Amino acid sequence: MGFEVAPAFEAGSVAAAEWPLCQVRLQDDARFPWLILIPRVEGAVELEDLSVEQRAMLMEETVRAGALVRRLGVVEKLNVGAIGNVTAQLHVHVVGRRRDDGLWPDPVWGRGPVVPYTDDERARLLSVLRSSS
């Protein structure tokens, strides 16, 4: 069957880049600069489903994503999480937060109405992400 992205990711985010381990997706929510890393490992649900080498690569790609999130918007703090309660497929959220972002200091997952990017802003952010890959 091979690697496939869970439908929930297709509905709420946009594919931005392919890194050595992960597909990188831009979360379509203009309230926060937010990337999702999805390891291209068929059936991966937990970190333990990755090899030692893949786990190390995921950490490096998470750090790389954090640097990119800082380029996408004003960021005071990076939130990184691999929650998976709604979508079991292994994925890591890298979210930029600010003290004035409206949900601070609460978590962003499942909170408030999503504010999709305009087509122009989404295209600009995807350009930034793709030129940095």
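Which residue in β3 is the bridge partner of R25? In this predicted model, local features need pLDDT of at least 70, side-chain atom pairs count only at pLDDT 80 or more, and totals for chains, interfaces and linings use all residues. Residues are numbered from 1 along each chain as its sequence is written, and side-chain values use heavy atoms, with hydrogens and water left out.

The bridge partner of R25 in β3 is I36. Helices (H or I, at least four residues) and strands (E, at least two) are DSSP runs, numbered from the N terminus. Two strands pair if DSSP finds at least two bridges between them. β2 and β3 run antiparallel and are joined by five bridges. A hairpin of six residues links β2 to β3. β1 and β2 also run antiparallel, again with five bridges, and the hairpin between β1 and β2 has three residues. E18 stands opposite Q23 in β2.

β2 is largely enclosed by the rest of the structure, because six of its six residues are buried (under 20% relative accessible area; exposed is over 50%, partly exposed in between; 1.4 Å probe, protein chains only). One side of β2 carries C22, V24 and L26, and the other Q23, R25 and Q27.

β5 is likewise mostly covered, with six of six residues buried. V92, V94 and G96 point one way from β5, and H93, V95 and R97 the other way. β5 pairs with β3 in the antiparallel sense over four bridges, and W34 stands opposite V95. Strand β4 (residues 77-81) runs antiparallel to β5, with five bridges. G96 in β5 is the bridge partner of L78.

Helix α2 (residues 52-72) and helix α3 (residues 119-131) cross at roughly 145°, their axes coming within 10 Å. Axes are lines fitted to C-alpha atoms, for helices over the stretch in contact, and angles run from 0 to 180 degrees between N-to-C directions. L68, R71 and L72 of α2 meet R124, L125, V128 and L129 of α3 in this contact (heavy atoms within 4.5 Å).

The largest nonpolar core has 27 residues. Such a core is a set of buried Ala, Val, Leu, Ile, Met, Phe, Trp, Tyr and Cys residues joined through side-chain atoms within 4.5 Å. W19, L26, L35, L37, L58, L72 and L129 touch the most other members. α2 gives the largest share of this core, five residues. Leaving aside neighbours within four places in sequence, L129 is in contact with A16, L26, L35, L68 and L72.
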